[in-house]
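Visitor: I would like to learn how to read the features of a model like this. Please take them one at a time.

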Amino acid sequence: MTVIEQYNAGLTTDADRTLALAMHTILWAVLPDAEMKLAYGLVGYYQPKAVCYFGINKRHIGFYPTNQPMAHFAKAVAPC
């Protein structure tokens, strides 16, 4: 069973499973060499250190980048 299948097994609705699969598809497209792990109840992507995590919650999707991508994109997301 893959990490995303393990994560989806713990979700309670089809809508949540669809959201998790969509998030995984997006992240896997930009991080094809990442190793996936379940950590802190979230799906984590590692190259080799943690790059980001996501989780499907009752009323929102949580996306949690680590400091490396935040530093990489600091200029792109800075206020004008």
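Visitor: Which residues is Ile4 in contact with, leaving aside its neighbours within four places in sequence?
Guide: This is a predicted model. Contact means heavy atoms within 4.5 Å. On that basis Ile4 is in contact with Ala20, His24, Met36, Val43 and Phe54. Ile4 has its place in helix 1.

Visitor: Is Ile4 buried or exposed?
Guide: Buried means under 20% relative accessible area. Ile4 has a relative accessible area of 8%, so Ile4 is buried.

Visitor: How many residues apart in sequence are Ile4 and Arg17, and how far apart in space?
Guide: They are 13 residues apart in sequence, and their C-alpha atoms are 9.4 Å apart in space.

Visitor: His24 was in that contact list. Where is its place, and is His24 buried or exposed?
Guide: His24 sits in helix 2. With a relative accessible area of 13%, His24 is buried. Leaving aside neighbours within four places in sequence, the contacts of His24 are Ile4, Met36, Tyr45 and Phe54.

Visitor: Which other residues of helix 2 are buried?
Guide: Besides His24, the buried residues of helix 2 are Asp16, Ala20, Met23 and Leu27.

Visitor: What do the buried residues of helix 2 pack against?
Guide: They pack against helix 1, strand 1 (35-39), strand 2, strand 3 and strand 4 (61-65). Helix 2 lies across strand 1, strand 2, strand 3 and strand 4, and runs at about 165° to strand 3.

Visitor: What is the span of helix 2 from its first C-alpha to its last?
Guide: Helix 2 has 17 residues and reaches 25 Å, close to the 24 Å expected at 1.5 Å a residue.

Visitor: What is the order of the strands in the sheet?
Guide: The sheet is open, with 4 strands in the order 1-2-3-4 and antiparallel pairing. Strand 1 and strand 4 stand at the edges with a single partner strand each, so one side of each has no neighbour in the sheet. Direction ignored, neighbouring strands of this sheet are turned by 20° against each other on average.

Visitor: How many bridges join strand 3 to strand 4?
Guide: There are 5 bridges between these antiparallel strands. In strand 4, Pro65 is the bridge partner of Cys52. A hairpin through 4 residues joins strand 3 to strand 4.

Visitor: Which residues does Val43 touch, not counting residues up to four places away in sequence?
Guide: Val43 touches Val3, Ile4, Tyr7, Met36, Lys37, Leu38, Cys52, Tyr53 and Phe54.

Conventions
Residues are numbered from 1 along each chain as its sequence is written. This is a predicted model: local features need pLDDT of at least 70, side-chain atom pairs count only at pLDDT 80 or more; totals for chains, interfaces and linings use all residues. Side-chain values use heavy atoms; hydrogens and water are left out. Helices (H or I, at least four residues) and strands (E, at least two) are DSSP runs, numbered from the N terminus. The expected span of a helix is 1.5 Å times one less than its number of residues. Buried means under 20% relative accessible area, exposed over 50%, partly exposed in between (1.4 Å probe, protein chains only). Two strands pair if DSSP finds at least two bridges between them. Axes are lines fitted to C-alpha atoms, for helices over the stretch in contact, and angles run from 0 to 180 degrees between N-to-C directions.
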